[in-house]
Amino acid sequence: MTAPRAFLPWLIAVPVAIGSIGLLFQLLGGLVPSFFFAWGYYFEVLIAGLLQGVMYSLVALGFVLIFKASSIFNFAQGSMALFAALTMVGFMEMGVWWPFAFIISAGVMVLVAVVIERVVLRPLVNQDHIILFMATIGIFYILDGLGQMLWGSDVKVLDIGIPRDPMFALGAIFEGGILINQYDFVAALTGGVLVAVLAVFFQYTRTGRALRAVADDHQAALSVGIPLKTIWVIVWSVAGIVALVAGIIWGGKAGVQFSLALIALKALPVLILGGFTSIPGAIIGGLIIGAGEQVAEVFLGHFVGGAIQDWFAYMLALVFLVFRPQGLFGERIIERV
Amino acid sequence: MLYREAGQFKTDYAADQAIFPILQDRIFLGLFLLLALVAVPLLANEYWLSTILIPFLVFSLAAIGLNLLTGYCGQLSLGTGGFMACGAFFAFKLATAFPDLHIAVVFLLAGVGTAGVGILFGIPSLRIKGFYLAVATLAAQFFLVWVFNKFPWWVNYSSSGVISAPAREIVPGFFITGTQASPVTKYVFLLVFVAILALVAKNLVRGKMGRSWMAIRDMDIAAEIVGIRPLHAKLSAFAISSFFIGIAGALWAFIYTGSVEALAFQIDRSFQVLFMIIIGGLGSILGSFLGAAFIVLLPIFLNNTMLAVDPSISTAIVSHIEFMIFGALIILFLIVEPHGLARLWQITKEKLRLWPFPY
Amino acid sequence: MKLKTLGLAAAGAAVLFAATVLPATAQEKQFVPGLMYRSGPYAPNGVPFANGLADYFKMVNAKGGINGVQIEYEECDTAYNNDRGVECYERLKKPGAAAITPLSTGITYALIDRATADKIPVLSMGYGRTAGSDGTVFPYVFTLPATYWSGADVIVNHIAQNEGGYDKLKGKKIALVYHDSAYGKEPIGTLEALAAAHGFELSLFPVAHPGLEQKATWLQIGRQLRPDWVLMWGWGVMNSTAIKEAAAVAYPMDHFIGIWWSGSEQDVTPAGDQAKGYKSANFHGTGTDYPAIKDIIKLVQDAGNGTGPRDEVGTVLYNRGVMNGAIIVEAIRTAQDKYGKKALLGEQIRDGFEALNIDAARLEAMGLTGFMEPIKITCADHEGTGRAFIQQWDGKGWNKVSDWIEPNRAGLLRPMIVEAAAAYAAEKGIKARDCK
């Protein structure tokens, strides 16, 4: 875990970075007439990006959990989110009140975790990373097909009563105020709470300690009597529940349907930026990617024709990687011959 | 009994280093090529040629390319789709800018151009490894597709961003692109072209370059210590891999679909090719072919079989079941033989050597 | 293991071969292939369309077929994927195929050459390659009743009516939010020409596939540019996401107009009340209040034969599938007048398409009066009318809020189409037909 002292540089660096990018844009705005810049608008975009980033983090979190415990790059995280959300909507359409539907779906995800451990992970133990990666792509296909076959492929409306009206803040400072999307705000709060709960779970419970032990060293954990298989089931279940939350929040935004599985692709740059093995990394990576890509798309996008945010996120992550090949918070890679 | 090498002596180094040192292998390959070159065009119908065999050959080439990078040099890449797009659009620009240039030359030049792009995106591999690199290659994937989708120069300012292959002849009278091209000509051209390139790849991996790649793959620090330059090895792997993949992209656009938009080379394409080399066998040229055959055939086969068994079944169900079986089969394959189809073939050969006598 | 695999593979190859080689069943049925998608990212929109098409054919068959000739309809799932579409086409094509309906602009582009070579008409109804409506260069492509270029012109016309005339457009800001693909790029040329002619300012906002990410787009539209009108060329999840994001930046819904593929129930219901007031173009009626659709309910749905759920009947995309079916059936009927009342070849049905004349009397006989506009196709003009209207979502259903709007085909679009087709002909070395 990072020492508290290490956060100090961040406290200084982040506002400086935000401020200098803003100043740079202001300068550009002075030089290039078609460049639109206003501080209020800049902060608005930044906040929207940060909120969006938390939602990326939610998906990335599932990846990190599984990678930490079993070194598996679980490509199926996206389709787990889709499957979980489909299940939940399916039960809600049967008339189940949403908290109950949530609990049932969480149960289903645990079941999925057990099956995955039994059928896929156990026979593939000790295989190459790339083989396990491929196996999770296999899971991706199965879950996609199964989810759609069980619940149909039409758009499902998932509404658990999160307010959606636009909200304006800081009207006193900036002309017209700063628009904040309430839905994103609530979603980001949910994400924050989830991360806090997970952090407590990992830090202070017995299972959490076992999980961290497994993440550190499989062999050593086994030899002190930690049941590896149970731990894997727990990790996959937790990842499944995280996927459920991510699925609900993303599904609430866009309706629950096939494309939801593709949000996994948005989580990958977050993952490499923050490091595959770090939960705080997933959060901070998400914030950086979310804010970075929105600001880039809004202020720079139209110079090159727009729709740049997809690759911009990856490029941003790539630039960070060149300086820190293990991601911002990833474990240091030590190589021996 | 039939497959025995007893009595075949090698009298010089050249014979000892041949790609197919065993006589039966050479006969078998010769027969197989003859079959593919003569019998298949005569027997196969248009559906088989244009929707199974042609994409199979194109994908084989792409799989060989990725296998050079991932299987031999150990650099996991998810940018295949982007590099295929490079090949396709380079070839389109070349073919329309220089109408007199022979089409085979166009394909090769498109490959060379893609190799350049590959080197550019290979540079981060000097610092980044493993899954970090895999995700970093996604930057190439998204960026390249965006470039071809965004700038109308690449599509000669066509309003929709779709390119369609101009009609070209391989030898006078035989069109391989455009509407006059018959599937048989396309198939024969592809077969010869891909076979030659596969031979090139096979020889590359047996030579100095291939050995340096494999050294890097097995342990890059150790390789560096024994004097292999990672810069050279990794970038050459990226370049040559992209060369093959670029040609495959050009063939895809020109010969298989005939018209293509940048979105045809999305990330699914990268995964598809990655599947091929993993199912087929990492670090095996033969495996690239086997994997391509498996991945091209399987969905079509599943789809057709289900419809043949019960024609009244809804296409939605068929698609979903196809997805699930596809996923399940991949997992099954990984469990049963993680080293791929090429390894199965090797085991078969070992057994055949002894058959029917146990010793 | 090995033997088993080999055996399985052999059996598989045999089935595949049999499936593709065996000749089609006897030719007394008219074969109609359908390239639909019921899986993949765009399945929610593809499914109702496919159901409408299938149900219409079932209804025609239940009523005794087309002059006694039954329709044999076969579907193939393309998943909105171009190479899958090509495979489907190759699987389903035969000389007796009446018409190909690719239901994807990308697949249409990929199939135009192939279908022309195989002599099978391509009916891309309200999508596909706009230049295809020039019958002299594209003898096998039909884009009736309207193309994207007409759609763009119709929508701008509607905006002009709302603003009080074309001269009021000067200095107005109009934004286009589009799917960054062949489909979404189609209207740009027309809109640019219109912008130049009427002096409005056009801004383009591409959205990457599949369209879940539009926050930046809508921040720019809603908070920076604040255009007077927003047009949308979207499909699938992009539509509903756009409506939600537009609501999130408080963009007025009644100044937000989608093309006909961005105006179905699937697009507005996920946004709930926020979508109220959203407008879209359309070229056919919604609801079940037409004799033909009542027949579908009676003869297909109530007989337990419905392809999809009953409450889907009458929705926008379902009805569009019905219209697609109706046009194919009319083309076959027209061809039968010429070649006899039996199963025909694609080549002959093409002549039926070209002689298609769905007038008011014909619409009455089809049970679709008021559902669509009369259409007349000629050898040179494969688009027909180009007319469309604007509909608005009131939270429960779509209401027609404009009359049928006539696009400026003669003055603006047709010359552009002829030019684009000529460029294609030059590129491909095609000699244009003489339609005189």
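What distance separates the centres of domain 1 of chain C and domain 2 of chain C, taken over C-alpha atoms?

Analyst: The centres of domain 1 and domain 2 of chain C, taken over C-alpha atoms, are 26 Å apart. This is a predicted model, where local features need pLDDT of at least 70, side-chain atom pairs count only at pLDDT 80 or more, and totals for chains, interfaces and linings use all residues. Residues are numbered from 1 along each chain as its sequence is written, while chains are lettered from A and ligands numbered from 1 in the order in which they are written.

Domain 1 of chain C covers 26-147, 288-386 and 415-428. Domain 2 of chain C covers 148-286 and 390-408. These bounds come from an automatic or database domain assignment. Where the two domains touch, domain 1 of chain C gives 28 residues and domain 2 of chain C gives 27. Two residues are in contact if their C-beta atoms, placed from the backbone, lie within 7 Å.

On the domain 1 side, helix 2 (43-62), helix 4 (105-118) and helix 12 (316-339) of chain C each supply at least two residues. Helices (H or I, at least four residues) and strands (E, at least two) are DSSP runs, numbered from the N terminus. Helix 12 of chain C gives the largest share of that side, five residues. By class, the domain 1 side has 14 nonpolar, eleven polar and three charged residues. Ala, Val, Leu, Ile, Met, Phe, Trp, Tyr, Cys and Pro count as nonpolar; Asp, Glu, Lys and Arg count as charged; the others, Gly among them, are polar.

Now take chain C as a whole. Its secondary structure comes to 15 helices and 13 strands. The C-alpha trace of chain C spans about 65 × 65 × 50 Å along its principal axes. Chain C has a radius of gyration of 22 Å, which agrees with the value near 22 Å for a compact globule of 436 residues. That radius is taken over C-alpha atoms, and the globule rule is 2.2 Å times the number of residues to the power 0.38.

Chain C also meets its neighbours. Helix 8 (residues 215-225) of chain C packs with helix 11 (residues 279-300) of chain A at an angle of about 45°, and their axes are 9 Å apart. Axes are lines fitted to C-alpha atoms, for helices over the stretch in contact, and angles run from 0 to 180 degrees between N-to-C directions. The two helices are therefore oblique to each other. Angles under 35 degrees count as roughly parallel, over 145 as roughly antiparallel, 65 to 115 as roughly perpendicular and the rest as oblique. Gln294(A), Glu297(A) and Val298(A) meet Lys215(C), Ala216(C), Leu219(C) and Gln220(C) here.

Chain B is another partner. The contact takes 32 residues from chain B and 37 residues from chain C. Helix 3 (46-72), strand 1 (162-164), strand 4 (259-261), helix 12 (285-309), helix 13 (315-336) and helix 14 (340-354) of chain B each give two or more residues to the side that touches chain C. That side of chain B divides into 13 nonpolar, 18 polar and one charged.
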